[in-house]
Amino acid sequence: MFGLTGATKYKYIPNYSDMRGGYDKLSGVVRSLGENPENGTAYVFMSKNQKLVKIIRYEDGQCQYYSQKFKGGFSFVRLRFNVDKPVYVLEWKYLVSLMGTPVIKEIPVRELECLEPAAEAVKLC
């Protein structure tokens with residue numbers, strides 16, 4: 001059964017942002033980095049625009065695939081690390097923050113119509 005818990009080991013792959021593939025393509029990326037996608041570790045990928053996160057994991061003969069996407073002006077928090085590596089261990093608390101805390105990329109502002117003020121008030125527009 002698929003479940004993201006604190007008991008699972010997580011690794012983040014920061015330099016891969018092609019989100020067109022599913023489990024098989026992403027597990028190939030994990031293998032190309034010298035990792036074993038079938039060792040029970042959950043591997044986390046984020047799109048370049050930070051609107052899509054995919055997680056893959058292999059457990060007990062099951063290929064597990066999880067995807068979460070934001071629409072509109074929301075995105076995921078950008079993860080930053082002190083050193084440049086192809087794979088990072090990601091603690092559970094950071095994954096929970098990443099998945100549950102949307103960032104507002106933009107706030108659309110509508111133009112308001114200028115209302116005619118009362119004769120004694122100063123014109124606002």
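Asp-18, Arg-20 and Lys-25 are joined in a network of salt bridges. The model is a predicted one, and a search through the whole of it turns up 6 salt bridges. Here is a short tour of some of these pairs, followed by two residues and their surroundings.

**Salt bridges**

- Arg-20 is exposed, at 73% relative accessible area, while Asp-18 counts as partly exposed at 23%.
- Lys-11 forms a salt bridge with Glu-35, again with the closest N and O atoms 2.8 Å apart.
- Because Lys-11 sits in strand E1 and Glu-35 in the loop between H1 and strand E2 (42-46), this pair ties together parts that are 24 residues apart in sequence.
- Lys-11 counts as buried, at 12% relative accessibility, whereas Glu-35 is partly exposed at 21%.
- Lys-93 and Glu-91 also meet through their side chains, at 3.8 Å from N to O.
- Lys-93 is partly exposed at 49%, and Glu-91 is partly exposed at 43%.

**Around Ser-17**

- Ser-17 lies in the loop between strand E1 (10-13) and helix H1 (23-32), and counts as partly exposed at 35% relative accessibility.
- Beyond its neighbours within four places in sequence, Ser-17 touches Met-46, Ser-47 and Lys-48.
- Gln-50 is 33 residues from Ser-17 along the chain, with 9.1 Å between their C-alpha atoms.

**Around Phe-76**

- Phe-76 belongs to the loop between strand E5 (74-75) and strand E6 (88-90), and counts as buried at 1% relative accessibility.
- Its contacts beyond four places in sequence include Met-46, Leu-52, Phe-70 and Val-103.
- Leu-52 and Phe-76 are 24 residues apart in sequence, and 7.6 Å apart from C-alpha to C-alpha.

Notes. Residues numbered from 1 in each chain as written. Predicted model: local features only at pLDDT ≥ 70, side-chain atom pairs only at ≥ 80, totals over all residues. Heavy atoms only, no water. Helix = DSSP H or I, 4+ residues; strand = E, 2+ residues; numbered from the N terminus. Buried < 20%, exposed > 50% of the residue type's maximum accessible area, 1.4 Å probe, protein only. Contact = heavy atoms within 4.5 Å. Salt bridge = Lys/Arg side-chain N within 4 Å of Asp/Glu carboxyl O.
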